[in-house]
Structures are given as structure tokens and as C-alpha cells.
Amino acid sequence: MATRLLDTNIVSYLFKGHTLGAAYRPHLTGHTLTICFMTEAELFEGAYRARWGATRLARLEVLLANFLYVPSSADLSRRWGQVRAERRSQPIGTADAWIAAAALVHGCDLVTHNPSDFQGIAGLSIVTIVP
């Protein structure tokens with residue numbers, strides 16, 4: 001069973017019950033699912049910006065508890081720096097670089113609906129339904 005790291009958009013689709021969440025289910029079923037600390041941070045940022053109440057925040061925390069969690073580490077920080085340097089001619093966002101670095105450090109496939117955000121990163125395996 002392979003480990004798959006989920007990009008923030010995939011977790012968001014699952015949380016919202018979006019049709020894309022259902023479309024990605026076959027790519028998630030039977031795999032160990034993990035998220036990077038950056039995904040958790042982005043989700044909470046969105047929740048606080050949208051002024052979610054306690055009930056909705058609690059639902060998010062329940063969902064997040066279902067995933068393995070990749071915290072920051074020295075190895076992850078080094079790989080983040082490499083990803084950013086590698087993509088200097090095609091800049092990658094800070095959050096996306098953390099997510100890509102987490103997938104690389106832990107040998108995970110990255111499941112994302114925005115594969116173009118991660119193109120050109122050596123060794124990164126992307127799973128998507130975008131043609």
C-alpha cells in the first residue's frame with residue numbers, strides 16, 4: 001500500500017463534499033493518506049478568514065485527524081530549499097514548495113488538482129485527474 005500526500009485542494013474537496021472529492025476517491029482508497037503541516041495551516045487560514053464557527057472548525061479537526069501528519073524537520077527544510085532553488089526560473093509558491101518537499105522527503109505520491117503548480121520538480125510523482 002503506497003502512501004499518498006494530499007495537496008490542500010484535495011483535502012478541501014473532501015471536507016466540502018465537493019464532486020471532485022468523490023472523483024479523487026479511487027486515487028485515495030487503499031492508500032495510506034498523509035498531509036503536510038503546510039496543508040493543515042492553509043486549511044486553518046481559510047477557515048479563520050471565512051470566520052468559521054466552532055462547529056465547523058471541529059469538523060475540520062475531525063477530518064484532519066484521519067491523516068498521517070508530516071511535521072517540519074531539518075530534512076524537510078533542506079528539501080524545501082532545494083525545491084525553491086530548482087524552480088527559480090519558474091517560481092513555486094512557498095506553500096506548494098513545502099508540500100512538494102514533504103512528498104519527496106517521505107517518498108509519497110502527491111495527489112493534487114493543480115499539477116501545473118508542481119511541474120518540473122525532479123523525482124516528484126503526481127497523481128491527478130486533470131488531463
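Modeller: A residue is called buried if its relative accessible area is under 20%, exposed if over 50%, and partly exposed in between (1.4 Å probe, protein chains only). Helices (H or I, at least four residues) and strands (E, at least two) are DSSP runs, numbered from the N terminus. The model is predicted, and for that reason local features need pLDDT of at least 70 and side-chain atom pairs count only at pLDDT 80 or more, while totals for chains, interfaces and linings use all residues. Residues are numbered from 1 along each chain as its sequence is written, and side-chain values use heavy atoms, with hydrogens and water left out.

The helix to look at is α5, which runs over residues 74-86. Helix α5 has 13 residues, and from its first C-alpha to its last it reaches 18 Å, close to the expected 18 Å at 1.5 Å a residue (the expected span is 1.5 Å times one less than the number of residues). Leu76, Arg79 and Val83 are buried in α5. These residues lie on the same side of α5, because they cover an arc of only 65° around the axis (the arc is that of the directions from the helix axis to the C-beta atoms). The buried residues of α5 pack against α3, β3 (68-70) and α6, where contact means heavy atoms within 4.5 Å.

Arg78 forms one with Asp75, and the closest N and O atoms are 2.6 Å apart. The two residues are 3 apart in α5, about one helical turn. Asp75 is partly exposed, at 46% relative accessibility.

Trp80 is partly exposed, at 22%. To describe its partner, some terms are needed: rings of Phe, Tyr and Trp (its six-membered ring) pair if their centres lie within 6.5 Å, and planes under 30 degrees apart count as stacked, over 60 as edge-to-face and the rest as tilted. The count by this rule is 4 aromatic pairs. One of them is Phe44 with Tyr48, stacked at 6.3 Å centre to centre with 25° between the planes. Both residues lie in helix α3 (residues 37-49), 4 residues apart, about one turn. Phe44 is buried at 16%, whereas Tyr48 is exposed at 53%. Trp80 and Trp98 are stacked too, because their ring centres are 5.0 Å apart and their planes are at 20°. Trp98 lies in helix α6 (residues 94-105) and Trp80 in α5, so this pair ties together parts 18 residues apart in sequence. Trp98 is buried, with a relative accessible area of 14%.

The structure holds 3 of them. Arg4 and Asp109 meet in one, at 3.2 Å from N to O. Since Arg4 lies in strand β1 (residues 3-6) and Asp109 in strand β4 (residues 109-111), the pair ties together parts 105 residues apart in sequence. Arg4 and Asp109 are both buried. Another links Glu45 and Arg49, with the closest N and O atoms 2.9 Å apart. Both of these lie in α3, 4 residues apart. Glu45 is partly exposed at 40%, and Arg49 is exposed at 67%.

Technical notes:
A salt bridge is a side-chain nitrogen of Lys or Arg within 4 Å of a carboxyl oxygen of Asp or Glu.
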